[in-house]
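Q: Could we go through this model together, starting with the ground rules and then moving to particular residues?

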Amino acid sequence: MQTTLSPEARQLPRAAEAERILRSCVHCGFCNATCPTYQLQGDELDGPRGRIYLIKQVLEGAPATAQTQQHLDRCLSCRNCESTCPSGVDYHNLLDIGRAAVDAALPRPLSLIHISEPTRPERI
């Protein structure tokens with residue numbers, strides 16, 4: 001896959017790795033055949049190929065959106081797609097890079113963050 005990372009993305013610690021992984025994808029779509037979220041949702045963006053496109057867009061300078069974050073969050077990280085990929089795309093590492101980039105650009109609303117109070121032992 002041809003890609004040109006934005007100047008901001010080039011500053012990321014794992015920029016070279018992301019670019020290498022993106023370039024290894026040939027868009028065949030075999031990954032979608034074994035992806036449980038793609039099978040359930042039927043949405044291209046909820047499969048590995050669609051998520052790779054979303055990550056690519058963000059790393060090329062497109063704004064991260066709540067929709068992008070949601071599609072990346074839906075991945076179960078089961079890595080079924082990697083076992084099917086004829087090009088050996090290192091999807092789980094690209095997903096980690098993409099999630100970090102999206103989360104840095106788009107903080108999660110406090111309503112979605114679960115903050116628990118420390119447990120206190122009961123006094124006897």
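Predicted model: local features only at pLDDT ≥ 70, side-chain atom pairs only at ≥ 80, totals over all residues.

Q: Where does threonine 3 lie?
A: Threonine 3 is in the segment before helix H1 (7-10). Helices are DSSP runs of H or I with at least four residues, strands are runs of E with at least two, and both are numbered from the N terminus.

Q: Is threonine 3 buried or exposed?
A: Threonine 3 counts as buried because its relative accessibility is 2%. With a 1.4 Å probe and protein chains only, buried means under 20% relative accessible area, exposed means over 50%, and partly exposed lies in between.

Q: Which residues does threonine 3 touch?
A: Leaving aside residues up to four places away in sequence, threonine 3 touches Glu19, Leu22, Arg23, Lys56 and Glu60. Contact here means heavy atoms within 4.5 Å. The side chains of threonine 3 and glutamate 60 are also joined by a polar contact of 2.9 Å. A polar contact is a pair of N or O atoms within 3.5 Å; within protein, one must be able to donate a hydrogen and the other to accept it, and residues adjacent in sequence count only if both atoms are side-chain atoms.

Q: And glutamate 8, where is that?
A: Glutamate 8 is in helix H1 and is exposed, with a relative accessible area of 59%. The C-alpha atoms of glutamate 8 and leucine 59 are separated by 8.1 Å, although the two residues are 51 apart along the chain.

Q: Changing topic, how many salt bridges are there in the whole structure?
A: A search of the whole structure finds nine salt bridges. Each is a side-chain nitrogen of Lys or Arg within 4 Å of a carboxyl oxygen of Asp or Glu.

Q: Which residues are linked in a network of salt bridges?
A: Arg10, Glu19 and Arg23 are linked in such a network. Within this group, arginine 10 and glutamate 19 meet at 3.5 Å, N to O. Arginine 10 is partly exposed at 42%, whereas glutamate 19 is buried at 14%.

Q: What about arginine 74 and aspartate 46?
A: Their side chains form a salt bridge at 2.8 Å, N to O. Arginine 74 lies in the loop between helix H6 (66-73) and helix H7 (80-84), and aspartate 46 in the loop between helix H4 (36-41) and helix H5 (48-59), so the pair ties together parts that are 28 residues apart in sequence. Aspartate 46 is buried at 0%, while arginine 74 is partly exposed at 28%.

Q: What lines the largest cavity?
A: Its lining has 15 residues, of which Cys25, Cys31, Ile52, Cys85 and Val89 lie nearest the centre. H5 and H7 are the elements giving two or more residues, and H5 supplies the largest share, three residues.

Note on methods: Residues numbered from 1 in each chain as written. Heavy atoms only, no water. 1 Å grid on protein atoms, 1.4 Å probe; cavity = no way out; pocket = protein on both sides within 12 Å on 5 of 7 lines; lining within 4 Å.
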